[in-house]
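Dear colleague,

I am passing on the structure below, together with some notes on what turned up when I went through it. Please keep it open beside this message as you read.

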Amino acid sequence: MNIALFSDSYLPTKSGIVTVVVQLRKILTELGHHVVIVTVCPNGYDDSEDNDPDVLRVYSIPAPVGDNQYIAFPHKKVVINFLKQHNIQIIHSHTEFYIAHAAKSAGKALHIPVVATTHTMWEDFYKYYLFPMGRMVPVKVIRKIVKRLYKKFYALINVSEKARDYFKSPFMLPFTPSVVIPNAIDTEAFLSRVITESDRNLLKKRLGINDGDVTLIFVGRVVEEKRVEELFEVIVRVLKARENIKMVFVGSGGASYALEAETARLKLEDRIIFTGFVNWDNLSLYYSIGDIFVTASLSEMHSMTALEALLSHLPIVCRRDDSFSDTVFHGKNGYFADSDEEMDGFILDLVDNEHKRKEFADASFEVSQNFSIRLHGLRTVAFYKEVLKHYPLPSPVFDRDLKKAIDSVKLT
């Protein structure tokens, strides 16, 4: 198959969506398919650096919201000619904005199906991205915008039941065919770095983590929509309750400055550590020094960092949310808290019980095996084939057709 992936986030930018697109391209190629990318061109980026003929970068400008986000202005004829050169059979969009519009226009011109993955719950994000006026925009307005952006896709891939339930809601797109294919993690790539005990000890020393400390770890963008302020309040309470806890925030973002200032005000600099941006290639080392992964986020569709935490043998304490329904199993490999305050007790329970931490850690790694990148690739290919079987025939593809195709996939 010849497949085009469209995204307004791609290398050298780092994000969950970038990871998804890079991993998908890799596994589809390994499975014998030809994959091209249509994406943005970040400021100062010289595409001769990678010299990849299968990547088309279109003119882009920095977005007024978010970190390292860009608005693309694709030239329709250039995009169509690029797709023609590669004899593309199906377009898979990983965005709903300008690049997605180019995908839908190209698909219409070339008479090929255009599908999309629903990565973002904009109802949870828009108030932060449109700050300060975002808080004055009614949710129903956002729903109308999201519906309009997604309504012309032929079929949808949802990364979790939470995502599928949302897009099947009466106010969204209940009749657009869709199926759930969870995010996956490229185990080989993530664990490619050999981590020695010396590596761990050096990092712990640099961060001020001592023998006997129980290390809590958050990995991700340190931004308001991830509810890092609320998580910080949880951490302050548990630090007061136990002297042997250290907290490490791994990542960068607009909220980090205020949190670092508050940490200094509380004189907790030696117990709450902010690493700043960490390259993905080095993330496994940071996970390896953690004992418990913690997050208070309620805006995930299907958390990539949760998958990385599972693969890193970490118990997870999080807020109850359907996006974690297939990664966190209460009392088995982590805990769901129904409130921020309830997180305190669950964290302390694991801090105080090393044996339980070990049991949960082993269970987390076992759960991680359900999210292999090969299985994800095979399921995605099955989805593409089912779409192509029906498009552009008079009988459209239905949910049951897509689910049957996905369920038939077995790892060999």
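Helices here are DSSP runs of H or I with at least four residues, numbered from the N terminus, and the model itself is a predicted one. With that in mind, helix H10 is followed by Lys267, whose phi is positive, near 60°.

Helix H10 itself covers residues 256–265, and its buried residues are Ser256, Leu259 and Thr263. Seen down the axis of H10, these buried residues fall within an arc of 65°, so they line one face of the helix. In general, an α-helix has 3.6 residues a turn, so residues three or four places apart point the same way. The buried residues of H10 pack against helix H9 (228–241) and strand E12 (272–276), while the face turned away from the buried side carries the exposed residues Tyr257, Ala258 and Arg265.

Strand E6 (residues 90–93) is covered on both faces, with Ile90 and His92 buried on one side and Ile91 and Ser93 buried on the other. Strand E1 (residues 2–7) runs parallel to E6 and is joined to it by 4 bridges, with Phe6 standing opposite Ser93. E6 also pairs in the parallel sense with strand E7 (residues 114–118), over 3 bridges, and there the bridge partner of Ile91 is Val114.

On the surface, Tyr59, Phe73, Phe97 and Tyr98 form a nonpolar patch, which together has about 450 Å² of accessible area. Of these residues, Tyr98 lies in helix H3 (residues 98–110), and Tyr98 counts as partly exposed because its relative accessibility is 47%.

Note on methods: Residues numbered from 1 in each chain as written. Predicted model: local features only at pLDDT ≥ 70, side-chain atom pairs only at ≥ 80, totals over all residues. Heavy atoms only, no water. Patch = residues over 30% accessible without salt bridge, like charges linked within 9 Å, V, L, I, M, F, W, Y side chains within 5 Å. Areas by Shrake-Rupley, 256 points an atom, 1.4 Å probe, with all protein chains shown as cover. Salt bridge = Lys/Arg side-chain N within 4 Å of Asp/Glu carboxyl O. Helix = DSSP H or I, 4+ residues; strand = E, 2+ residues; numbered from the N terminus. Buried < 20%, exposed > 50% of the residue type's maximum accessible area, 1.4 Å probe, protein only. Arc of directions from axis to C-beta. Contact = heavy atoms within 4.5 Å. Pairing = 2+ DSSP bridges.
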